[in-house]
Amino acid sequence: NVVFIGNEEIENLIKQMNSSLNFPLNFINEKILLDVDKIKQLIKKRNETAFIRSGWYIQQFLKIVYSNITEDKFYLVWDSDTIPIKKVRMFNSNGKPFFDVKTEYNEPYFITMKNIFPELGKKYDYSFISEHMVINTKLMKNMINRISDNNNLIGKTWYEKIINNIEANSLSTSGFSEFETYGTFVKEHYRQVYSKRPWKSLRTGNLYCNPKFLTDNKIKKLSKYYNSISFENWAQNQSLS
């Protein structure tokens with residue numbers, strides 16, 4: 001059950017893809033889930049230069065708010081610029097979902113996190129950012145409710161309270177991480193729900209291979225070292241392919 005969330009342009013692409021696939025792709029317009037225009041204005045109001053980064057924050061909020069509409073116990077979020085290159089299980093033999101962890105560190109993520117949840121912060125020597133995550137729907141809802149119910153945080157909605165707790169100068173770069181926040185929140189309050197494993201990914205895929213010419217042979221070679229490859233925009237102009 002694959003769901004794409006985005007704007008009308010994405011919807012048209014999904015319709016085209018559905019005509020050639022053996023299983024249906026589902027689409028949800030982002031504006032049904034979030035007041036996208038309001039979020040853009042909230043960010044612009046706090047830091048005008050951060051307006052160009054509003055889409056990056058919105059895609060994080062969409063991953064969070066999906067918990068309010070799904071009837072599934074779990075859902076897997078997967079960044080659209082990342083592809084898996086080998087088969088991987090998302091749950092261990094005991095039925096626990098995996099937290100796939102790496103070593104990334106960005107201080108503003110944890111400053112924002114601590115502003116929202118004073119008991120949290122950088123508590124672990126690993127990162128929850130792995131370009132995908134299995135979300136426990138109930139626990140994500142619990143996190144949203146904790147934010148929404150905290151009257152000490154300025155704002156009417158949970159996403160407004162998050163935006164207001166990102167330092168203004170960090171808004172224009174990377175001031176919040178849904179993966180780090182949810183992962184740390186769950187690890188702190190629901191320690192036994194997930195199992196942890198290291199994740200190997202190549203985030204600079206554009207530097208080493210053109211995704212249009214990623215042959216089966218290349219994938220086989222890369223899969224000896226990595227679980228996934230990301231083709232991120234920041235590396236596009238530096239591509240060697």
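Is Glu188 buried, partly exposed or exposed? Glu188 is partly exposed, because its relative accessible area is 27%. On this scale, buried means under 20% relative accessible area, exposed means over 50%, and partly exposed is in between (1.4 Å probe, protein chains only).

This is a predicted model, in which local features need pLDDT of at least 70 and side-chain atom pairs count only at pLDDT 80 or more, while totals for chains, interfaces and linings use all residues. Residues are numbered from 1 along each chain as its sequence is written, and side-chain values use heavy atoms, with hydrogens and water left out.

## Salt bridges

Let us stay with Glu188 for a moment. Glu188 forms a salt bridge with Lys123, and their closest N and O atoms are 3.7 Å apart. A salt bridge here is a side-chain nitrogen of Lys or Arg within 4 Å of a carboxyl oxygen of Asp or Glu. Glu188 belongs to helix H9 and Lys123 to the loop between helix H5 (107-116) and strand S6 (132-136), so this pair ties together parts that are 65 residues apart in sequence. Helices (H or I, at least four residues) and strands (E, at least two) are DSSP runs, numbered from the N terminus. Lys123 is partly exposed, at 40% relative accessibility.

By this rule the count comes to seven salt bridges.

| Pair | N to O distance |
|---|---|
| Glu188 and Lys123 | 3.7 Å |
| Lys38 and Glu160 | 3.9 Å |
| Asp79 and Lys63 | 2.6 Å |

Asp79 counts as buried because its relative accessibility is 18%, and Lys63 counts as buried at 13%.

## Glu178 joins in

Lys63 has another partner to meet. Lys63, Asp79 and Glu178 are linked in a network of salt bridges. The side chains of Glu178 and Lys63 also make a polar contact, at 2.8 Å. A polar contact is a pair of N or O atoms within 3.5 Å; within protein, one must be able to donate a hydrogen and the other to accept it, and residues adjacent in sequence count only if both atoms are side-chain atoms.

Glu178 is in helix H9 (residues 178-189) and is buried, with a relative accessible area of 6%. Leaving aside neighbours within four places in sequence, Glu178 is in contact (heavy atoms within 4.5 Å) with Gln59, Gln60, Lys63 and Ile64.

## One face of helix H3

Which residues of helix H3 (residues 36-46) are buried? They are Val36, Ile39, Leu42 and Ile43. Seen down the axis of H3, the buried residues fall within an arc of 120 degrees, so they line one face of the helix. The arc is taken from the directions from the helix axis to the C-beta atoms. There is a simple background to this: an α-helix has 3.6 residues a turn, so residues three or four places apart point the same way.

The buried residues of H3 pack against helix H2 (30-33), helix H4 (54-65), helix H7 (158-164) and helix H8 (168-171). Helix H3 also holds Lys38, while Glu160 is in helix H7. Lys38 is partly exposed at 30% relative accessibility, whereas Glu160 is buried, with a relative accessible area of 14%.
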